[in-house]
Amino acid sequence: MFVKKLNDCEAFTAIDGCRIRELLHPDNDPVVLDYSIAIASLEAGESTFKHRLLHSEVYFILAGQGRMHIGDDDRMIDAGDVIYIPPRSVQWIENTGRNELQFAAIVSPPWRASDDELLEE
């Protein structure tokens with residue numbers, strides 16, 4: 001059995017500007033997975049930079065509320081929402097609430113820096 005605590009995961013700033021704690025990644029953990037899972041967060045009023053991934057991604061909103069932008073579409077999102085982001089889609093998320101926005105980011109195949117393209121800062 002492999003168990004990892006979120007608080008034991010080192011936080012870093014991702015290419016899109018959000019704070020990340022990588023929970024599971026097959027390159028760094030003793031697991032065999034076709035995906036990676038990270039927990040991301042944005043403070044009130046913050047947004048990520050426009051970016052796109054080579055592969056598909058899923059956001060599961062854990063806490064807070066915001067607005068998700070994918071291509072020309074944008075929607076309000078709340079805790080409990082799941083968002084599918086197709087491969088190569090221009091995307092960014094903004095925290096429109098008063099509290100921290102937290103979400104799980106699931107990337108398949110596992111996230112790689114070389115697959116993530118920053119489009120603007």
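Biologist: How far apart are the mean positions of the positive and negative charges of the protein?

Modeller: They sit 2 Å apart, with 11 positive and 22 negative charges in the protein. Lys and Arg count as positive, Asp and Glu as negative, while His and the chain ends are not counted. Each charge is placed at NZ of Lys, CZ of Arg, CG of Asp or CD of Glu.

Biologist: Okay, and what am I looking at here?

Modeller: A predicted model, where local features need pLDDT of at least 70, side-chain atom pairs count only at pLDDT 80 or more, and totals for chains, interfaces and linings use all residues. Residues are numbered from 1 along each chain as its sequence is written, and side-chain values use heavy atoms, with hydrogens and water left out.

Biologist: How many helices and strands does the protein have?

Modeller: Zero helices and 11 strands. Both are DSSP runs numbered from the N terminus: helices are H or I with at least four residues, strands are E with at least two.

Biologist: What about overall size?

Modeller: The C-alpha atoms fill a box of roughly 40 × 30 × 25 Å along the principal axes. The radius of gyration is 14 Å, which agrees with the value near 14 Å for a compact globule of 121 residues. That radius is taken over C-alpha atoms, and the globule rule is 2.2 Å times the number of residues to the power 0.38.

Biologist: How much of the protein is buried?

Modeller: Buried residues make up 37% of the 121. Buried means under 20% relative accessible area, exposed over 50%, and partly exposed in between, using a 1.4 Å probe and protein chains only.

Biologist: Which strand is mostly covered?

Modeller: E3, with seven of its seven residues buried. Ser36, Ala38, Ala40 and Leu42 point one way from E3, while Ile37, Ile39 and Ser41 point the other way.

Biologist: Which strands does E3 pair with?

Modeller: E3 (residues 36-42) runs antiparallel to E2, with five bridges joining them. E3 also pairs with E10 in the antiparallel sense over seven bridges. Two strands count as paired if DSSP finds at least two bridges between them. For examples, Leu24 has Ile37 in E3 as its bridge partner, and Ala40 has Phe103 in E10.

Biologist: One more: is Asn95 buried or exposed?

Modeller: Buried, with a relative accessible area of 4%. Asn95 is in strand E9 (residues 91-95).

Biologist: Which residues does Asn95 touch?

Modeller: Not counting residues up to four places away in sequence, its contacts include Leu42, Gly45, Gln65 and Leu101. Contact means heavy atoms within 4.5 Å.
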